[in-house]
Amino acid sequence: MVKPFEKMTLAQLKEAEDEFDEEDMQAIETYREKRLQEWKSLKKKQKFGELREISGNQYVNEVTNAEKDVWVIIHLYRSSIPMCLLVNQHLSLLARKFPETKFVKAIVNSCIQHYPDNCLPTIFVYKNGQIEAKFIGILECGGINLKLEELEWKLAEVGAIQTDLEENPQKDIVDMMVSSIRNTSIHDESDSSDSDNDTK
């Protein structure tokens, strides 16, 4: 157990240094080694931290043949499509928040020739060379009003990131849609039963 030196100023610590006994020095060294190992482990995990641009000829090396057990999220985009620019903004922020996941983007024509615009944006999620998830087109990517948290939730659902979000940010919208569908079907059923009664 280290003696309570944490409240001392630097000058006081310098004076007290002579009073450190063998036990204090051993505890400090053990703590320093532990923190160094934690830091090294964290640095190993946090090797990405940005949305990087790649070209089509880098795709196999950067995405398909990425390091073992590393999640890779690639966005195929065209800069003339506003939704693609929005997804790039969100992925850039998520890359900083989740530096253990590799985030890359590529202009679609450099990877796939004649890829249709209605399939953009396209997000592929890879792990160990396999596509684990794909979001193709505006609707699958979350719609034109996509919020950062919604994209984060989508990527967390497939396992690519470990989010701290506790529930789907679109939950209220989904609940409202389900409720609306139920009400519509109940209304339709009552209309048809009323018309059955009218014919009798």
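What follows goes from a charged patch to some backbone details.

A quick word on the ground rules: this is a predicted model, where local features need pLDDT of at least 70, side-chain atom pairs count only at pLDDT 80 or more, and totals for chains, interfaces and linings use all residues. Residues are numbered from 1 along each chain as its sequence is written, and side-chain values use heavy atoms, with hydrogens and water left out.

Start with Glu15, Glu17, Asp18 and Glu19, which form a patch of negative charge on the surface. A patch here takes residues with over 30% relative accessible area and no salt bridge, with like charges joined within 9 Å; a salt bridge would be a side-chain nitrogen of Lys or Arg within 4 Å of a carboxyl oxygen of Asp or Glu. Asp and Glu count as negative, and a charge is placed at CG of Asp or CD of Glu. Glu19 sits in the loop between helix H1 (10–16) and helix H2 (22–45). Helices are DSSP runs of H or I with at least four residues, and strands are runs of E with at least two. Glu19 is exposed, at 58% relative accessible area (exposed is over 50%, buried under 20%, partly exposed in between, with a 1.4 Å probe and protein chains only).

Now the backbone. Most residues other than glycine have a negative phi, and most peptide bonds are trans. His114, in the loop between H5 and E4, has a positive phi of about 60°, and His114 is exposed at 74%. Pro121 is in the loop between helix H5 (108–111) and strand E4 (122–127), and a cis peptide bond links Leu120 to Pro121, with omega about -5°.

Definitions and conventions. Patches are made of residues with over 30% relative accessible area and no salt bridge: like charges are joined within 9 Å, nonpolar side chains (Val, Leu, Ile, Met, Phe, Trp, Tyr) within 5 Å. Accessible areas come from the Shrake-Rupley method with a 1.4 Å probe; for residues, only the protein chains shown count as cover.
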